[in-house]
Amino acid sequence: MKICVICKNEIQPDINGWAEGHNAIPVAKGRCCTPCNDGRVMYARLIASGYSEKQATLVALDKFSV
C-alpha cells in the first residue's frame, strides 16, 4: 500500500492497474495520488513552465471538462 505524500491518503490503482501513483515534484518529493496530481501537482508544473495563474487554472478546468 502506497501513501500519498501530499494528502496522506492511500494511493488507489488507476483504471489500467498502475498502483504506484504519480511523481509529486514540484509540490513534494515522492509519490502522490491522482486527485493530488490533478489538482495540485499539474497546476504547480504549469506555473513553473511560465503559465499565468489564470492560464493554469483554465487548463486544469479544461482537463476535467472532457
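**View 1. Asn37 sits in helix α1.** N37 lies in helix α1, here in a predicted model. Is N37 buried or exposed? With a relative accessible area of 7%, N37 is buried, because buried means under 20%. Leaving out residues up to four places away in sequence, N37 touches H22, N23, C32, M42 and R45.

**View 2. Helix α1 from end to end.** Helix α1 covers residues 34–48, which makes 15 residues. At 1.5 Å a residue, α1 should span 21 Å, and its end C-alpha atoms are 20 Å apart, so the two values agree. Where is the kink in α1 centred? Look for V41: the kink there is about 30°. The buried residues of this helix are C36, N37, D38, V41 and L46. As a reminder, an α-helix has 3.6 residues a turn, so residues three or four places apart point the same way. Just after α1 comes G50, which takes a positive phi of about 110°.

**View 3. The largest nonpolar core.** Which residues make up the largest nonpolar core? There are 8 residues in all: C4, I6, I11, A24, C32, C33, C36 and V41. In soluble globular proteins, nonpolar side chains tend to be buried together. Now follow I11, a member of this core. Leaving aside neighbours within four places in sequence, I11 is in contact with K2, I3, C4, A19, E20, G21, R31, C32 and C33.

**View 4. Lys8, before strand β1.** K8 is found in the segment before β1. K8 is not a glycine, yet its phi is positive, at about 70°. This lysine has a relative accessible area of 57%, so K8 counts as exposed, the cut-off being over 50%.

**View 5. A cis peptide bond between the strands.** What form does the peptide bond from I25 to P26 take? This bond is cis, with omega near 20°. P26 is found in the loop between β1 (22–23) and β2 (31–32).

**View 6. Stepping back to the chain.** Read along the sequence, the pattern is β-β-α-α, which comes to 2 helices and 2 strands. The C-alpha trace spans about 35 × 25 × 15 Å along its principal axes. Of the 66 residues in the chain, 20% count as buried. The chain exposes about 4700 Å², and carbon and sulfur atoms supply 58% of that area. Among contacts with a separation of 6 or more, 21% come from residues 24 or more positions apart.

Terms used:
Residues are numbered from 1 along each chain as its sequence is written. This is a predicted model: local features need pLDDT of at least 70, side-chain atom pairs count only at pLDDT 80 or more; totals for chains, interfaces and linings use all residues. Side-chain values use heavy atoms; hydrogens and water are left out. Helices (H or I, at least four residues) and strands (E, at least two) are DSSP runs, numbered from the N terminus. The expected span of a helix is 1.5 Å times one less than its number of residues. The bend at a residue is the angle between axes fitted to the seven residues ending there and the seven starting there. Buried means under 20% relative accessible area, exposed over 50%, partly exposed in between (1.4 Å probe, protein chains only). A nonpolar core is a set of buried Ala, Val, Leu, Ile, Met, Phe, Trp, Tyr and Cys residues joined through side-chain atoms within 4.5 Å. Contact means heavy atoms within 4.5 Å. Accessible areas come from the Shrake-Rupley method with a 1.4 Å probe; for residues, only the protein chains shown count as cover.
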